[in-house]
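Colleague: I am new to this one. Could you show me how to read its main features?

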Amino acid sequence: MGILLVLGGRSVPSTVCRVRAGRTCTAYPVAVPVSLVLSGLLTGWALIAAVGAQNAYLLRQGIVRRHVGPLVALCALSDAVLILAAVLGIGAVVEAWPPFLQVARWGGGAFLVGYGLLAARRALRAEESLRAARTVDRGLGPALATMAALTWLNPHLYLDMVILGAIANSHGLQGRWWYYAGLVVASVTWFAALGYGSGRLQPLFARPRSWQVLDALIAVVMVSLGVGLVLGG
């Protein structure tokens, strides 16, 4: 399988070749806008990596190595479903009301800049260190129920999903799916890294300074993407 990569306005030609018995190979060119996938990836990381109840619980479970795989899968699947619903729901609005794209551009840009500024403020103040919860393991069921509650009952998560859906649709009916793909990859990689890597990072993330550095990086990414969305038109 091959692809047509679009990098900074340049394309690298390739094809998708399907061979059937007794037939000639047929080539189907496919265009992958890498910039959209990368934009979704960076935006997803910046939003998901913010210190919150969901990440804190996964971090604690990862440090003590309890039910990491199922919890990572639940977090990633929840994000994929919620973002997909946002993309599909807002897509109908885009088709019925084309000016929505401008609203999404300005509203999404303002939200990203505002979120970045909040992250910058957090980075300027020392946060309390996160430590593993020294509680008795109650089993996989309660762990999944706790994570589901932290994920699906968080009102800020729905705000993030709606905004991400709006930004995705601002890239057009085709481009939104590449942006969505970047968001899903960001979710899977972040939760997997946090869940499986936290065991080794316990000394690092026990220090408030580590969260300050992370929030500083989040601030740079969010503000840059927000300004780019507004100025890019």
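Colleague: What share of the contacts in the chain with a separation of 6 or more comes from residues 24 or more positions apart?

Modeller: This is a predicted model. In it, residues 24 or more positions apart account for 81% of the contacts with a separation of 6 or more. Along the sequence the pattern is β-β-β-β-β-α-α-α-α-α-α-α-α-α, with five strands and nine helices in the chain. Of the 233 residues, 40% are buried.

Colleague: How is a pair of aromatic rings described?

Modeller: By the distance of the centres and the angle of the planes. The structure holds two aromatic pairs. In one of them, Phe111 and Tyr115, the ring centres are 5.7 Å apart and the planes stand at 55°, so this pair is tilted. Both residues belong to helix 4 (residues 100-123), four residues apart, about one turn of the helix. Trp177 and Tyr180 form an edge-to-face pair, with 6.0 Å centre to centre and 85° between the planes. They are about one helical turn apart, because three residues separate their positions in helix 7 (residues 172-197).

Colleague: Is Trp177 buried or partly exposed?

Modeller: Residues under 20% relative accessible area count as buried. Trp177 has 29% relative accessibility, so Trp177 is partly exposed. Tyr180, at 14%, counts as buried.

Colleague: Which residues make the nonpolar surface patch of about 410 Å²?

Modeller: Leu77, Val81, Trp152 and Leu153 make that patch. Val81 sits in helix 3 (residues 68-96) and is partly exposed, with a relative accessible area of 42%.

Key:
Residues numbered from 1 in each chain as written. Predicted model: local features only at pLDDT ≥ 70, side-chain atom pairs only at ≥ 80, totals over all residues. Heavy atoms only, no water. Patch = residues over 30% accessible without salt bridge, like charges linked within 9 Å, V, L, I, M, F, W, Y side chains within 5 Å. Areas by Shrake-Rupley, 256 points an atom, 1.4 Å probe, with all protein chains shown as cover. Salt bridge = Lys/Arg side-chain N within 4 Å of Asp/Glu carboxyl O. Helix = DSSP H or I, 4+ residues; strand = E, 2+ residues; numbered from the N terminus. Buried < 20%, exposed > 50% of the residue type's maximum accessible area, 1.4 Å probe, protein only. Contact = heavy atoms within 4.5 Å. Phe/Tyr/Trp six-rings, centres within 6.5 Å; stacked < 30°, edge-to-face > 60°.
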